[in-house]
Structures are given as structure tokens and as C-alpha cells.
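Let us walk through this structure step by step. Keep the view open as you read.

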Amino acid sequence: MGRPVSEPKLPPVLTGPHAPVNIAEFHALAKAKLTPMVYGYFSSGADDQQTLQDNEEGYRRLRFRPRVLIDVSNADMMTEVLGVKISFPLVVAPTAMQRMAHPEGELATARAVAKAGTVMGLSSWSTTALEDVESEAPGSPKWFQLYVYKDREVTKQLVTRAEAAGYKAIALTVDTPRLGRREADIKNQFNLPPHLTMGNFASLKQANMENQGGSGLASYVASLIDRSLSWKDIKWLKSITKMPILAKGVVTAEDAVLAVENGCAGIIVSNHGARQLDGVISTIDALEEVVNAVQGKVPVFVDSGVRRGTDIVKALALGAKACLIGRPVVWGLSVAGEQGVSYVLDLLKSEFELAMALCGCVKVSDINRSMVIRDAFAPYDVRRTLPPSKA
């Protein structure tokens, strides 16, 4: 239990009349600072970006049913994910190539996440080696996001290195047999800037992208990532590591059941930040279907679209164990490095604590399904699924 969280303090570089007070304003500052190619890579979705918009709109379609006259003078926001206690139910999602956003990239993010007391996800496509990220924030919990390469020995080496470095889990990306059509990357002829490499691959061919026109990342994925990946490969992964495996990219009950049957220790409901299949269901709309399908056998997490502390409360009410955020961290990193990431995390924590109090929740376990409904204009109305009131 503890005192209410105070309003986070802005980094010195961000003080003044135009200082950001929310994630949207950090986004605007980052857009002004980044090059068009880099901003387009981090911000865009696939095709018409319908799902990119819907990921955020899905949260706005949810309405609270708060309880009142409850003593909320002491709040406890701590929770546990995969046996690790974290300060509040937010995990930093694996986001690739962070040195494009700031010279320190993943190192700055690692320090900020460690100070925040939560888990950092590191991308296979990090511009910093996984061992260096661990050394920058030794002992703080980290998950390693894994793409499976056609060269399985390269994949095996990544997993082995992550386990040796002390990473706590593998977040296996399951929704990318091919790269979604990201028009911003095509227009900008996206390529990793020449002074950067994929830090986890040293002198291997997987360290660099070839500039062949269009999206260099699309060419990279087409030539190197294994599109034959299937459920049977979970067994192979489990044979080479003791780390728990999270299936990242599940949005249906059918796949959630298969993930559990094949030995996944958890599920991340994700549509890859709307960067793969445009028109796919928003993650917050997919969440409850997945939660109901796994029947409490494994924890369910959700990413894509979280922009407010209130969004975290809504996701937990629908059954998520915690949320993941990617772009907001990149915006903070772009604007003010480590201090920017720290501010973004502190801001969301402060908003989350306030939303808990105003909903009548003293601890995370108080958040429950009866607290949210979808508004009358939502694609479907789940009010009929509310449990009978006990009060």
C-alpha cells in the first residue's frame, strides 16, 4: 500500500509553456524532431491504417461503471507477471531499431524501465546487442522478442544468448510470416541508417538491410524470416530453452486454445501495432475472446493502442494481466532520451493510479469485468454479459 502517485515532473529540457502533458503531445514533439523516414517507420500502420486508428478507438468505445464511497486513500498498484513483481501493470513492448530515435536507443530505454520497476521487451531487431542492454540495467526483468529466421542455427543462438544473459521469457512473434504493406516505408524507401546495424547479429548477414528500392525492411523479412513457422515449432523452441514462451500476435479464441495446447506460458493479444493485416480486429476488442478461451490457464497480455492510464484499467477489467506499450516509449525516447521514457512511464502510472481511485479500486485485483461496458455505438454490445450485481 502507498500514497497516491504525484504528478510526474517533466525533464528540464521539456519545461515551459508548450511542455507536453500527455502521450499525444509527446507524439507531436517526436514527429517534429524525427526525420520523415524514421517517423514514418515508427508511426505508420499497414495499407489504409484502419486498424491503426481502431486500436485507439477501441478503448474510447469502452465506458466505466465506477463505484463510490470506497476508501482509496492508500493505493497498491503492484502486480506480478510470470513470477516477477512489477510496480504497475504495464510492460514496455519490444520495439525495433531504437537508435534511430535517439543515439542511446535501447540503452536509455533499459535504464528508464529499470527505474520504473517494470519489464522491458527487447526486439530481435534491436540496434544494441542484447548483452549490452542487460549490462546497462543488470538484473532488471527483460523479455526477448524473437523472430524465427530461415537459418535456425541463428535463431537458436539468439535464444541461447538471451537465456545466458538472464532474460526472463521469449516473446515469439507469430503474426509475421511476411511483412505487412506499410506504405510510408515504401514511399520513404525505408532502410536502416548506414551508421546503425541490427545489434544482435554482429558480422552476420542478418545485421544489415539491402537497399533495393521500396522498403528495405520488407526485403529483409522476405529473404531471411521463416514463413514456414507453425505451431509445431513451439515444441522445438521449448527443446532449446527453459525460458517461458509467450505467443505474441494472437487475436482469436481458436489460436489462443492452440497456444495453450502447444505449451505457451502466456499470450500477448497483438496485431503488431496495426502494421501487419489492415482491417484486423482491434486488440482491445479481441482481448475478452482470448481471455475466455484460455480459461485462466495462462496469463493474457495486450498491446497496441494504449495511450492513457485509463486504457490500462479498461484492459485489466476485460481480463488482461498487464498492457504493453511501444510507440509512446519511442516518442519519449525521441524527445528526451532516458528522461523522456521515464516521464512517459511515470505519466501513465499516475493516470492509472488516478483512474483506479476514481473507479473505487484500492488494489489491482479490485479491477473487474463489471467496471466497463461498450457504448451504444460500438460494433457490438457486451452489457448482456455483465455478471449479476451483488450490491
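A crossover is right-handed if, with the strands pointing away from the viewer, the path from the first strand over the helix to the second runs clockwise. Keep that in mind for what follows. The model shown here is predicted.

Start at strand E9, residues 266–269. Strand E9, helix H11 (residues 283–294) and strand E10 form a β-α-β unit, and the unit is right-handed. E9 and E10 run parallel, joined by three bridges.

Which way do its residues point?

Between the two strands comes helix H12, residues 309–317. E10, H12 and E11 make a right-handed β-α-β unit.

Next, look at a single residue. Asn-55 sits in helix H3, which spans residues 50–60. Is Asn-55 buried or exposed? Its relative accessibility is 2%, so it counts as buried; the cut-off for buried is under 20%. What does Asn-55 touch, leaving aside neighbours within four places in sequence? Its contacts are Asn-271, Gly-273, Ala-274, Ser-282, Thr-283, Ser-304 and Gly-305.

Move on to two packed helices. Such a pair is described by the angle between the axes and the distance between the axes. Helix H2 (residues 36–43) packs against H13 at an angle of about 155°, and their axes are 10 Å apart. H2 is therefore roughly antiparallel to H13, since angles over 145 degrees count that way. From H2, the contact uses Tyr-39, Phe-42 and Ser-43. From H13, it uses Arg-327, Val-330 and Trp-331. By class, four of these residues are nonpolar, one is polar and one is charged.

Finish in the loop between helix H13 (327–358) and strand E12 (372–374), where Val-362 lies. Val-362 counts as buried because its relative accessibility is 15%.

Technical notes: Residues are numbered from 1 along each chain as its sequence is written. This is a predicted model: local features need pLDDT of at least 70, side-chain atom pairs count only at pLDDT 80 or more; totals for chains, interfaces and linings use all residues. Side-chain values use heavy atoms; hydrogens and water are left out. Helices (H or I, at least four residues) and strands (E, at least two) are DSSP runs, numbered from the N terminus. Buried means under 20% relative accessible area, exposed over 50%, partly exposed in between (1.4 Å probe, protein chains only). Contact means heavy atoms within 4.5 Å. Two strands pair if DSSP finds at least two bridges between them. Axes are lines fitted to C-alpha atoms, for helices over the stretch in contact, and angles run from 0 to 180 degrees between N-to-C directions. Angles under 35 degrees count as roughly parallel, over 145 as roughly antiparallel, 65 to 115 as roughly perpendicular and the rest as oblique. Ala, Val, Leu, Ile, Met, Phe, Trp, Tyr, Cys and Pro count as nonpolar, Asp, Glu, Lys and Arg as charged, and the others, Gly among them, as polar.
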